[in-house]
Amino acid sequence: MTTPRHDFAQDSDRAPRLLLLGGTSEARALSERLAREPGVQAVVSLAGRTRAPLASPLPTRVGGFGGVEGLRRYLVDNGVDRVIDATHPFAEQISANAREACAALDIPLAVLAREPWRRAEGDRWVEVSDMAAAVAALGSSPRRVFLTIGRLSVPAFRAAPQHQYLVRSIEPPEPEELPPSCELILARGPFSREDEIHLMRERQIDALVTKNSGGPLTYAKIEAARALSLETIVVMPPGAQAESRLENLEAALDFARAKRPA
Ligand code: NAP
């Protein structure tokens, strides 16, 4: 039998325990606020995809839980009272696992989600539902394509080697995951609209591929593509779920502070 892991302080008269599923700027902003909340014990959970994540002001655990069953066990072993899912809109699996595990244990779960970007006047969007459709939408004639989709989604574009790619990611994909004709830029946003316009002009980009991740931090590329009248292949987020959605950080803090039932 394995000994349960305890990421939370083990005192008897304790503040409510919150598990914050993170990996986003929203989770980070909420962590900073929670670190100043004496009435809440919070632990952040990261998948471990980023090899050098930014330092967190809260205790942090890293790595998968081992599916729904692993997450369920973690919640029980650590006496977690509430869960906030502040993962990326495209991180479908962990959100589904959180829904299932919390429902099974009757633990309140809320989602701190971003609004997706909406098409504005001047945008030349082609909306698609997944990366395979984004690859197909580029067509068969060679183009100069800017990929800002996260390193894990880059391998899909090996299926269209006729294009020349500019790939931007925080950490490098493995060399064998890159399309053959490819320039790699390693950078962590946010980026300004002017810098995005400059980059797209300088590299003579004629199509941008992006996830519709929502939020302000990575929106400048959308504005730049609009200013340059570039075709933008937009992978739309998976459908919104019905669980309790938190509008903003204040609502998330109220949810985190709620007392446990006696
Ligand atoms: P995913 O497909 O939903 O999750 C795959 C597996 O990774 C999950 O089943 C879980 O493993 C583990 N996992 C994911 N998020 C976790 C977390 N916060 N804490 C502990 N384990 C986690 O997720 P993904 O798309 O690979 O994204 C991974 C992480 O990167 C997420 O936390 C997300 O917020 C962040 N992120 C994703 C994107 C994106 O475009 N997908 C962009 C920016 C940031 P087990 O089943 O073993 O528990």
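Q: Which way do the residues of β10 point, and are they buried or exposed?
A: Ala207, Val209 and Lys211 point one way from β10, Leu208 and Thr210 point the other way, and all are buried. This is a predicted model.

Q: How many residues of β10 are buried?
A: Five of its five residues are buried, so β10 is mostly covered, with buried meaning under 20% relative accessible area.

Q: And which strands does β10 pair with?
A: One partner is β7, in the parallel sense, over four bridges. Another is β11, which also runs parallel to β10 and is joined to β10 by five bridges.

Q: OK, helices. Which residues of α6 are buried?
A: Helix α6 covers residues 220-227, and its buried residues are Ala220, Lys221, Ile222, Ala224 and Ala225.

Q: What do they pack against?
A: The buried residues of α6 pack against strands β6 (124-128), β7 (144-148), β10 (207-211) and β11 (231-235), and against helix α5 (193-202).

Q: How do α5 and α6 cross?
A: Their axes come within 8 Å and cross at roughly 55 degrees. The two helices are therefore oblique to each other. The crossing is right-handed.

Q: Which residues meet there?
A: From α5 there are Arg193, Glu196, Ile197 and Met200, and they meet Ala220, Lys221, Glu223, Ala224, Ala225 and Ala227 of α6. By class, the contact of α5 with α6 has six nonpolar, no polar and four charged residues.

Q: What comes just after α6?
A: Ser229 does, and its phi is positive, at about 55 degrees.

Q: Switching to Leu138. Where is it?
A: Leu138 sits in the loop between α4 (131-137) and β7.

Q: Buried or exposed?
A: Leu138 counts as buried, at 2% relative accessibility.

Q: What is it in contact with?
A: Leaving aside neighbours within four places in sequence, Leu138 is in contact with Arg143, Val145, Phe157, His163, Tyr165, Ala207, Val209 and Ile233.

Q: How far is Leu138 from Ala160?
A: Their C-alpha atoms are separated by 8.5 Å, and the two residues are 22 apart along the chain.

Q: Now the six-stranded sheet. What order do the strands come in?
A: The order is β3-β2-β1-β4-β5-β12, in an open sheet with parallel pairing.

Q: Which strands stand at the edges?
A: β3 (60-62) and β12 (245-246) do. Each has a single partner strand, so one side of each is left without a neighbour in the sheet.

Q: What about β4 and β5?
A: Strand β4 (residues 82-85) pairs with strand β5 (residues 109-112) in the parallel sense, over three bridges. Within that pair, Val83 stands opposite Leu109 of β5.

Q: Which strands does α7 touch?
A: Helix α7 (residues 249-257) packs on the sheet and touches β1, β4, β5 and β12. The direction of α7 makes about 160 degrees with that of β4.

Q: And where does α2 lie?
A: Helix α2 (residues 67-77) lies across β1 (17-21), β2 (41-46), β3 and β4. It runs at about 150 degrees to β1.

Q: How does α2 pack with α3?
A: Helix α3 covers residues 92-105, and α2 packs with α3 at an angle of about 50 degrees, with the axes 9 Å apart. That makes α2 oblique to α3. This crossing is right-handed.

Q: Which residues make that contact?
A: On the α2 side they are Gly67, Val68, Leu71, Arg72, Leu75 and Val76. On the α3 side they are Asn97, Ala98, Glu100, Ala101, Cys102, Ala104 and Leu105. By class, the contact has nine nonpolar, two polar and two charged residues.

Q: What about Ala103, buried or exposed?
A: Ala103 is in helix α3. At 59% relative accessibility, Ala103 counts as exposed.

Technical notes. Residues numbered from 1 in each chain as written. Predicted model: local features only at pLDDT ≥ 70, side-chain atom pairs only at ≥ 80, totals over all residues. Heavy atoms only, no water. Pairing = 2+ DSSP bridges. Contact = heavy atoms within 4.5 Å. Axes fitted to C-alpha atoms, helices over the stretch in contact; angles between N-to-C directions. Buried < 20%, exposed > 50% of the residue type's maximum accessible area, 1.4 Å probe, protein only. Parallel < 35°, antiparallel > 145°, perpendicular 65-115°, else oblique. Left-handed = near helix turned anticlockwise from the far one by under 90°. Nonpolar A, V, L, I, M, F, W, Y, C, P; charged D, E, K, R; others polar.
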